[in-house]
Amino acid sequence: MSGLLTTENLSLKIGHRLLLDNINLQLKPGDVVALIGPNGAGKSTLLRTLTGFQPPSSGHVALNGKNLANWPSEALSRQRAVMRQQSTMAFSWSVEEVIAMGRAPWPSESTDNVVSQVMLLTGCDALKGRDFCQLSGGEQQRVQLARALVQLWHDDIPRGWLFLDEPTSALDLYHQQHLLRLLKRLAAMGELSVCVVLHDLNLAALWADSIVLLHQGRVVANGTPDQVLEEHTLQRWYQADLRVFRHPEHPVPQVGLRQ
Ligand SMILES: Nc1ncnc2c1ncn2[C@@H]1O[C@H](COP(=O)(O)OP(=O)(O)O)[C@@H](O)[C@H]1O
Ligand SMILES: [Mg+2]
């Protein structure tokens, strides 16, 4: 089971700017947690800090009760994987080579089997043999998801914490739904926890177990989709003219802009 991920009085100051302001979170294992908030709220910065790539200036992040700063890097790579917002490759790599890079923390384990299994799951089998650099933005996102999943693959299923920064931003409707259904299904197996930055609040409402709303580096709302995706809360923090209504088929809120 992936462990509990907590932050305690987490702050990050760069120059004179306070990018994260006293963040206290407890992210439950097995959940899909969505990070939302307006542009520049600090979502990507928080993700970098939660994954250990950006040390905080005060406070700390702990995984399984142990400060991230004290985790040996290879052990941490087996426990959490990150799909970033943008990724560039300096050289030409095939899709399968890029995905296989995710196996680096598992040098003594088989790779081919895991890579082909995850390529099927993520729909990357259709991209086999293609040059990663020549793929569309959405196709590259699918490959990056596969790379992150093979990194967490162990004893037949993905285990640990998967972090994704706007993984659906370049995906069409079919692939948005496919990705979120897949994440939910993998999390439901009980060993994978997911923390995902989402711009689309309607996707967050449908698939997240809990939602954290950030604004100017602070957590301003945190709870179930119904608690966070509340009309006044969203109007206040997004400064947008919007309405919240019920989904026609599921017991979740949906957000619509007014004309
Ligand atoms: N290394 C940095 N130095 C200074 N400011 C930064 C740095 N990284 C991000 N920021 C600023 O921090 C704020 C939050 O950025 P980011 O986390 O990327 O926001 P989000 O992902 O919510 O859109 C932005 O105003 C951004 O310009
Ligand atoms: Mg961002």
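Visitor: What is the relative accessible area of Met189?
Guide: This is a predicted model, and in it Met189 sits in the loop that joins helix H6 to strand S10 (192–197). Met189 is partly exposed, because its relative accessible area is 44%.

Visitor: How far apart are the C-alpha atoms of Met189 and Leu18?
Guide: Met189 belongs to the loop between H6 and S10. Along the chain Met189 and Leu18 are 171 residues apart, and the separation of their C-alpha atoms is 38 Å.

Visitor: Which arc around the axis do the buried residues of H6 cover?
Guide: The buried residues of H6 are His175, Gln176, Leu179, Leu180, Leu182, Leu183, Leu186 and Ala187. They lie on the same side of H6, because the arc they cover around the axis is only 155°. An α-helix has 3.6 residues a turn, so residues three or four places apart point the same way. The arc asked for, then, is 155°.

Visitor: Which exposed residues does H6 carry on the face turned away from its buried side?
Guide: The buried side of H6 includes Leu179 and Leu183. On the face turned away from that side, the exposed residues are Leu173, Tyr174 and Ala188.

Visitor: At roughly what angle do the axes of H5 and H6 cross?
Guide: Helix H5 is made of residues 137–152, and its axis comes within 12 Å of the axis of H6. An angle under 35 degrees counts as roughly parallel, and H5 and H6 are therefore roughly parallel to each other. The two axes cross at roughly 10°.

Visitor: How many nonpolar residues are in the contact of H5 with H6?
Guide: From H5 come Arg142, Leu145 and Leu149, which meet His175, Leu179, Leu182, Leu183 and Leu186 of H6. Among the residues of this contact, 1 is charged and 1 is polar, while the number of nonpolar ones is 6.

Visitor: How many of the 16 residues of H5 are buried?
Guide: At 1.5 Å a residue, H5 should span 22 Å, which agrees with the 23 Å between its end C-alpha atoms. H5 is largely enclosed by the rest of the structure, because the number of its 16 residues that are buried is 13.

Visitor: What covers the buried residues of helix H4?
Guide: Helix H4 runs over residues 112–121, and its buried residues are Val114, Val115, Val118, Met119 and Leu121. They are on the same side of H4, because they cover an arc of only 160° around the axis. The face turned away from that side carries the exposed residues Asp112, Asn113 and Leu120. The cover of the buried residues includes strand S7 (153–154) and the helices H3 (95–100), H5 and H6.

Visitor: Is His215 buried or exposed, and at what relative accessible area?
Guide: His215 lies in strand S11, which takes in residues 210–215. Leaving aside neighbours within four places in sequence, His215 is in contact with Pro38, Ala41, Val220 and Trp237. A residue is buried under 20%, and His215 is therefore buried, with a relative accessible area of 18%.

Visitor: Which residues does Leu257 touch, not counting those up to four places away in sequence?
Guide: Leu257 is in strand S14 (residues 253–257), and it counts as exposed at 71% relative accessibility. Its C-alpha atom is separated by 7.6 Å from that of Ala240, 17 residues apart along the chain. The residues touched by Leu257 are Ala240, Asp241 and Leu242.

Key: Residues numbered from 1 in each chain as written. Chains lettered and ligands numbered in written order. Predicted model: local features only at pLDDT ≥ 70, side-chain atom pairs only at ≥ 80, totals over all residues. Heavy atoms only, no water. Axes fitted to C-alpha atoms, helices over the stretch in contact; angles between N-to-C directions. Helix = DSSP H or I, 4+ residues; strand = E, 2+ residues; numbered from the N terminus. Parallel < 35°, antiparallel > 145°, perpendicular 65-115°, else oblique. Contact = heavy atoms within 4.5 Å. Nonpolar A, V, L, I, M, F, W, Y, C, P; charged D, E, K, R; others polar. Buried < 20%, exposed > 50% of the residue type's maximum accessible area, 1.4 Å probe, protein only. Arc of directions from axis to C-beta. Expected span 1.5 Å × (residues − 1).
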